[in-house]
Amino acid sequence: MDIRREELDAAVTAGVIDTATRDRLLLWLSARAEGSAGPDNESFRLLTGFNDIFVSLACILLLLAAGSLLPGLLAPIGVAGLSWALAEYFTRRRRMALPSILLLISFVGAVFGAVFQLITGNGHWGAAVVQLQSSGQAAAFFAPLLVAGLAAAGAAALHWRRFRVPITPAAGAATLVVGAVALAGALAANETVLLLTAFAAGLAVFAAAMWFDMRDRQRLTRNTDIAFWLHLLAAPLLVHPVFALAGVMRADSGPAAAVIVLAVYALLTLIALAIDRRALLVSALVYVLYTLQGLFASGEVAAAFGLTALIIGSFLVMLSAAWGSLRRRLLGFLPAGLAERLPVPA
């Protein structure tokens with residue numbers, strides 16, 4: 001007899017099993033069905049079935065309707081209230097994965113938009129930018145972002161207390177990052193300062209992700225889902241400032257930029273193997289593609305893209321195929337105290 005998630009959720013609600021046991025059973029059943037168990041799968045739950053997609057589309061239409069029909073400040077307030085109400089059923093009672101993620105994002109985003117609109121009086125980013133350019137005062141633009149970011153972080157914390165959706169800590173961290181960057185911009189409206197602030201925030205988010213990872217080395221509980229979303233947030237915050245400060249995206253970057261990109265990507269590969277997370281590699285991929293294509297662009301554009309895709313694609317395929325063995329070898333070179341705290345190799 002096949003066991004469905006809904007039955008396990010009902011067993012948790014009835015007190016027959018606890019949440020941790022349900023998560024372990026789900027992971028074991030999934031690995032058994034796929035024929036590949038082990039932490040290297042880096043699994044996270046996005047869909048419980050096609051009904052998730054159906055319900056998500058319905059929720060999106062309702063939220064869009066609320067945002068379009070309600071006037072002014074009532075629009076984001078209505079979206080936030082509707083998101084919470086829908087989450088009471090689809091998240092708290094039905095435990096549907098994709099709708100829960102969308103409703104969390106819409107709730108936090110609506111709170112952010114409501115507070116920003118309340119402070120600025122218009123809520124339009126373009127108007128705020130025009131005000132910044134005309135007044136020359138960075139605080140006039142960044143202060144509303146700071147307050148809105150803090151308010152959205154509080155909303156995320158409230159949502160987490162009620163619904164415990166794994167993406168919520170990452171959403172709250174994202175709003176805090178916005179607040180931190182806004183504060184840096186208000187104090188010193190300088191691109192370098194903003195990039196360094198984003199990088200520091202990325203390190204903080206990465207540390208939080210590793211904290212959750214180290215609490216679940218077997219990747220069987222909710223902690224691994226929380227860590228996944230935090231890693232996904234930390235990756236661009238770490239990668240973009242490094243490449244931006246190195247001038248990789250400039251048109252005249254040249255071969256020196258390619259050397260920097262490849263060196264950083266090699267380091268990121270080692271880190272990704274050690275912590276068994278691929279988000280860093282995915283985030284840096286666009287920079288590698290852009291830089292290598294620039295080197296090969298002396299000929300035809302199509303040929304340059306094809307050669308770049310061939311090199312990177314071949315590397316990633318070989319890395320994916322040998323991921324487990326490479327990771328075991330790398331962990332053997334690390335200090336025993338550190339290796340014992342990282343995810344268990346498959």
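1. Exposure terms come first: a residue is buried under 20% relative accessible area, exposed over 50%, and partly exposed in between, using a 1.4 Å probe and protein chains only. By that scale arginine 164 is partly exposed, because its relative accessible area is 41%. Arginine 164 sits in the loop between helix H7 (139-163) and helix H8 (168-187). Its phi is near 60 degrees, a positive value in a residue other than glycine.

2. Ground rules. This is a predicted model, in which local features need pLDDT of at least 70, side-chain atom pairs count only at pLDDT 80 or more, and totals for chains, interfaces and linings use all residues. Residues are numbered from 1 along each chain as its sequence is written, and side-chain values use heavy atoms, with hydrogens and water left out. Helices (H or I, at least four residues) and strands (E, at least two) are DSSP runs, numbered from the N terminus.

3. Arginine 95 also deserves a look. It lies in the loop between helix H4 (74-90) and H5. Phi of arginine 95 is near 55 degrees, again positive in a residue other than glycine. For background, most residues other than glycine have a negative phi. Arginine 95 is partly exposed, at a relative accessible area of 28%.

4. Does the length of helix H5 agree or disagree with its residue count? It agrees: the 24 residues of H5 (residues 97-120) should span 34 Å at 1.5 Å a residue, and the end C-alpha atoms are 35 Å apart. The expected span is 1.5 Å times one less than the number of residues. H5 is mostly covered, with 17 of its 24 residues buried.

5. Threonine 168 belongs to helix H8. It is buried, with a relative accessible area of 2%. Leaving out residues up to four places away in sequence, threonine 168 touches Leu104, Ala156, His159 and Trp160. Contact here means heavy atoms within 4.5 Å.

6. H8 packs on helix H10 (residues 222-245) at an angle of about 25 degrees, with the axes 8 Å apart. Axes are lines fitted to C-alpha atoms, for helices over the stretch in contact, and angles run from 0 to 180 degrees between N-to-C directions. H8 and H10 are therefore roughly parallel. The cut-offs are under 35 degrees for roughly parallel, over 145 for roughly antiparallel, 65 to 115 for roughly perpendicular, and oblique for the rest. H8 supplies Pro169, Ala170, Ala173, Ala174 and Val177 to the contact, and H10 supplies Ile226, Trp229, Leu230, Leu233 and Leu237. The contact residues comprise 10 nonpolar, no polar and no charged. Ala, Val, Leu, Ile, Met, Phe, Trp, Tyr, Cys and Pro count as nonpolar, Asp, Glu, Lys and Arg as charged, and the others, Gly among them, as polar.

7. H8 also meets helix H9 (residues 191-214): their axes come within 9 Å and cross at roughly 150 degrees. That makes the pair roughly antiparallel. On the H8 side the contact uses Ala173, Val177, Ala180, Val181, Ala184 and Gly185, and on the H9 side Val193, Leu194, Thr197, Ala198, Ala201 and Val205. Here the residues divide into 10 nonpolar, two polar and no charged.

8. Leucine 289 is in helix H12 (residues 279-295). At 29% relative accessibility, leucine 289 is partly exposed. It touches Thr308 and Ile312, not counting residues up to four places away in sequence. Leucine 289 and isoleucine 311 are 22 residues apart in sequence and 9.5 Å apart in space, C-alpha to C-alpha.
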